[in-house]
Amino acid sequence: MLTEDPRWRRVLADPDAAAELLADPAARAEFVAAVAALQAEHDDLVLLHDSTLEHANEIEEQLAVKIEQVEALVVELELRNAFIRQVFGRHVTDEVVNTLLASPEGRQLGGERRTLTILISDLRGFSTLCEGLGPEQVVAILNIYLGAMAEVIGEYRGSINEFIGDAILAVFGAPVPQEDHPERAVACAIAMQRAMGRVNAELAEHGLPALEMGIGVHTGEVVVGNIGSNKRAKYGVVGRHVNLTSRIESYTVGGQVLISESAARALGDRLRTRGCFEVRPKGVREPITIHDVTGVDGPFAIHMTEEPAEWRVLAEPQPLVFTALEGKDTGGQEVPALLVAHDDRHNAELQVAAPLPLRADLKLVLAALPGVDAYAKVVAAAPGRATVRFTALPRALQELLDGLPARA
Amino acid sequence: MTDTTTRPSGSDTDIKGPGYRVWFDAPARTVHFEGVLRLSTSEYKPIEDLLDRVLLDHPALGLRMTELQFLNSSGINMLYKFAIAARKKGDIEVKVHGSSTIPWQGKSLPNLKKFLPTIVIALD
C-alpha cells in the first residue's frame, strides 16, 4: 500500500518533499503503479457500494410490497372478524368470540365436562298474553325484552346459549372459564329482574302490555362444546342439570329468582334470601332445596328492588272457581272460593274452604267473567286464606278488578 | 484465522444456523446456499472463510443459490467481495446457479459480472 511506505508518508505530510522524491525515476514509476492500484481498488469499492445499495433497494422494494399485502390482509381479516362478531355477538360477548377466534380448537366439534352455572329465564303467562296480540306486536315485545336481557347477561359475562321463544338459556363459566360463575349468574339474574322495570316502561311507551319474568339458576356439571354436524354446529350445553335448571325456573312467579342448593352453597354468606323450600320435580328422585333470592353481597353486590305491595280490599268479594293443576294438564276438581283483595303486583287474596298447598298452580275463572281463564301460583297459605300470584292475568280480568270498588 | 465465536454449528465446510445452511459439496466443487441469510457483517465470517478456502483450492467452482430465499445486504456484499477476490486470483471458472422465481436473485446475481466478467450466471 502506497501510504504504508515511509517515504510516501513523508511526502503526504510535507508536499514540498514530493518534488525531491519524484525526481528519482524508479520512485516515480513505483508511485504511478501505486496510484493505479489505488484507483482500481477505489473503482471496485464504488462498484461494491453501488451494487450492494442496489440489492438493498431491491429488498426494500419487496418489503414495501409485502407490507402493503399484509395491510390489505389485516383489513380483510378485520372485516371478517367484525362480521363474525356481528352475527355471533348478538348472542355471546366479544370476549367469547375473541376466545373462539384465537383458538383453533374452539372451532372443532366435540365436548368436555365442566361445572358451570346455568341461568334460565322465562316470561310468566306469555302464551296467554300473546293470544290477544298480532304477530308484529309479539315480535316487538320479544325484541325489546330479549334485547334488554342480552345486554345485562353480556355485562355479567354470561353467554347466551339459546333463545327458546320467550325463554333464555345462558351459561356462566364457558366457553371462557370463570372461577366466580355461580356468583356472576345469581347477580345477573337479580340485575335482569331489576331491568324489567325499564323493559315494561319501554313496552308501555309503545302501548304494549307489561311482562313478568321468573329466573332459575343452578350450578352443576354439564357437557359443553360444539354440538351438531360440521355444517351446522353451535356451542351448547347439555345434561340433566340443564333440565333441572328449567324445573327450578318453573317454580318461580313473576319477579322471582330461585336458585338451587349447589348455587347457594357456592355463594355462601354473600347470598341474601327470603328463605328456602323443598320441591320434588318430576323425573328427579330426591326432593331438592330451592332458595328464594333477594340479593347478593360482596364484589357483585346487588339486591332486588322491593316495593311494598298495597292491598286493595274489594267492597264485594268476587266468587270464582279454581282448579289445581298437575303439570300443565288441567283436570282437577273445580273448587269455589272468593277473591277478597288484590294489589298492583299481580297478587290476590283468596278466601278458601280447604287449605291449599304452597306453590300449587291454579286455574281460576271468575263468576263475573265466565270463559276467561287466569293462572296463579300459591305464594302464601293460612287456614281459610291463600295468597296467590297471577302467572297469567288476562287483560279483561285486570280491567274488571281495577274497576271494582274497593273498601275504604 | 478462525473465528469461533460467531460460528453457529457444523464444520468448516458445513455451516448451519437458524434457518440457513451453507455447505461445500467437495466432489461437485459446489457451495450450496440454503434458507434465509440475514446475518450481520461479522457473523458472515465463517462463510467468508469457507469461500476463501475453496477459492484457493479449486480452479473451478459452482455456487448454488436456488434454495436461498433471502440474502441481506451484508450477504450480497460478501458475495461481491468474493467475486473481486476471484478476479484478482485469476485463472478460475465460477458458475452461479440461481432461481428467477426468487425476486432478488434476478436483479442482484447478474451484478456479479461487474466484479468478475468471466462468471457464468444460470437462472432457472
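User: Hi! Which residues touch the most other members of the largest nonpolar core?
Analyst: Hello! In this predicted model, Tyr145(A), Met149(A) and Met192(A) touch the most other members of that core, which has 48 residues.

User: Nice. And which helix gives the most to this core?
Analyst: That would be helix H7 of chain A, residues 181-205, with twelve residues.

User: What does Met192(A) touch, leaving out residues up to four places away in sequence?
Analyst: Met192(A) touches Leu119(A), Ser121(A), Met149(A), Val152(A), Ile153(A), Ile168(A), Met213(A) and Ile215(A).

User: How many residues are in the second, separate core?
Analyst: The second core has 39 residues, including Phe24(B), Phe33(B), Met78(B) and Trp104(B).

User: Switching topic: which residues of chain A does the "coiled-coil region" annotation cover?
Analyst: According to the unreviewed UniProt entry, residues 53-80 of chain A. In the model this span is 100% helix and 0% strand, and its end C-alpha atoms lie 40 Å apart.

User: Now some backbone angles. What is the phi of Arg157(A)?
Analyst: Arg157(A) is not a glycine, yet its phi is positive, about 60°. Arg157(A) sits in the loop between helix H6 (135-155) and strand S2 (159-164) of chain A.

User: Is Arg157(A) partly exposed or buried?
Analyst: Partly exposed, since the relative accessible area of Arg157(A) is 38%.

User: And where is Asp91(B) found?
Analyst: Asp91(B) lies in the loop between helix H2 (73-89) and strand S6 (93-98) of chain B. Asp91(B) also has a positive phi, near 55°, and is a residue other than glycine.

User: Is Asp91(B) buried or exposed?
Analyst: Asp91(B) is exposed, because its relative accessible area is 76%, and the cut-off for exposed is over 50%.

Key: Residues are numbered from 1 along each chain as its sequence is written. Chains are lettered from A and ligands numbered from 1 in the order in which they are written. This is a predicted model: local features need pLDDT of at least 70, side-chain atom pairs count only at pLDDT 80 or more; totals for chains, interfaces and linings use all residues. Side-chain values use heavy atoms; hydrogens and water are left out. A nonpolar core is a set of buried Ala, Val, Leu, Ile, Met, Phe, Trp, Tyr and Cys residues joined through side-chain atoms within 4.5 Å. Buried means under 20% relative accessible area, exposed over 50%, partly exposed in between (1.4 Å probe, protein chains only). Helices (H or I, at least four residues) and strands (E, at least two) are DSSP runs, numbered from the N terminus. Contact means heavy atoms within 4.5 Å. UniProt positions are given in the numbering used here, feature names are shortened, and annotations may be inferred rather than shown by experiment.
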